[in-house]
Amino acid sequence: MNPEPEIAMTQEAYFQLEAASDVRYEFIGGQIYAMGGSALNHNRIAMNVAVGFSNHLRGTSCETFSADMKVQVGNDYVYPDVVVDCHATGNLLVSPIIIVEVLSKSTRKKDTTQKLIRYINLPSLQEYVLVEQDIVSVQVFRRIKAWQPDYYYLGDSVTFDAIGVTLTVDSIYERVDNTELNEFRQLQQGVVVKSSE
């Protein structure tokens with residue numbers, strides 16, 4: 001039987017659990033959190049960002065990794081949705097420059113509190129990105145701006161200075177199905193129809 005999320009555990013016991021289990025667990029502040037499967041929109045957003053980063057980074061020393069890659073953050077171990085690291089070796093990332101988390105009801109509190117504090121204290125990290133899946137909103141915390149957030153919405157473009165790439169918010173949400181996007185798409189179609197008359 002697998003432990004329930006948020007069970008207190010030593011770091012050594014965590015390593016033993018992960019080695020013996022098919023389930024991935026995050027280890028934050030002496031607590032473990034089971035990593036469940038993610039929803040369709042969550043996967044679409046993470047993949048859109050990962051592909052945008054990866055295509056831009058071809059031929060460079062920096063690489064893009066998905067949620068299956070563990071990141072060490074001090075004494076904690078996490079599985080962010082998307083990570084860029086320029087010095088990856090082995091099966092553990094220790095020097096990410098960008099971390100992206102796609103928010104969900106079950107992870108929002110952890111991503112915006114516990115992880116935020118830990119991530120911005122990573123010496124290598126330059127940008128921490130939070131992407132909503134139920135509405136259209138991209139929040140970027142940048143070291144160069146003293147970790148004050150910038151917000152981006154439909155029609156905006158987001159520049160990730162750490163790797164010198166710009167992605168449109170629309171491309172980050174490509175194929176995503178939520179109320180805000182569906183209304184936006186219907187309005188666009190209405191404008192196109194009217195302009196062609």
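Among contacts in this protein (heavy atoms within 4.5 Å) between residues at least 6 apart in sequence, 46% join residues at least 24 apart. The model you are looking at is predicted, so local features need pLDDT of at least 70 and side-chain atom pairs count only at pLDDT 80 or more, while totals for chains, interfaces and linings use all residues. Residues are numbered from 1 along each chain as its sequence is written, and side-chain values use heavy atoms, with hydrogens and water left out.

Let us turn to the overall build. The protein has six helices and 14 strands; these are DSSP runs numbered from the N terminus, with helices being H or I of at least four residues and strands E of at least two. Its radius of gyration is 18 Å, close to the 16 Å that the globule rule gives for 197 residues, so the protein is as compact as a globular protein of that length. That radius is taken over C-alpha atoms, and the rule is 2.2 Å times the number of residues to the power 0.38. Along the principal axes, the C-alpha atoms fill a box of roughly 70 × 40 × 30 Å. Of the 197 residues, 44% count as buried, meaning under 20% relative accessible area, with exposed being over 50% and partly exposed in between (1.4 Å probe, protein chains only).

Now for the rings. A search of the whole structure finds seven aromatic pairs. Rings of Phe, Tyr and Trp (its six-membered ring) pair if their centres lie within 6.5 Å; planes under 30 degrees apart count as stacked, over 60 as edge-to-face and the rest as tilted. The rings of Tyr14 and Tyr77 have centres 6.0 Å apart and planes at 25°, so this pair is stacked. Because Tyr14 lies in helix α1 (residues 11-20) and Tyr77 in strand β6 (residues 76-78), the pair ties together parts that are 63 residues apart in sequence. Both Tyr14 and Tyr77 are buried. Another stacked pair is Tyr128 and Phe141, since their ring centres are 6.1 Å apart and their planes at 25°. This pair links distant parts of the chain, with Tyr128 in strand β10 (residues 127-131) and Phe141 in strand β11 (residues 138-142), 13 residues apart. Ring pairs also link Tyr14, Phe15, Phe27 and Tyr77 into a cluster.

Finally, look for Lys70 in strand β5 (residues 70-73). Lys70 counts as buried, at 14% relative accessibility. Leaving aside residues up to four places away in sequence, Lys70 touches several residues, among them Tyr14 and Tyr77.
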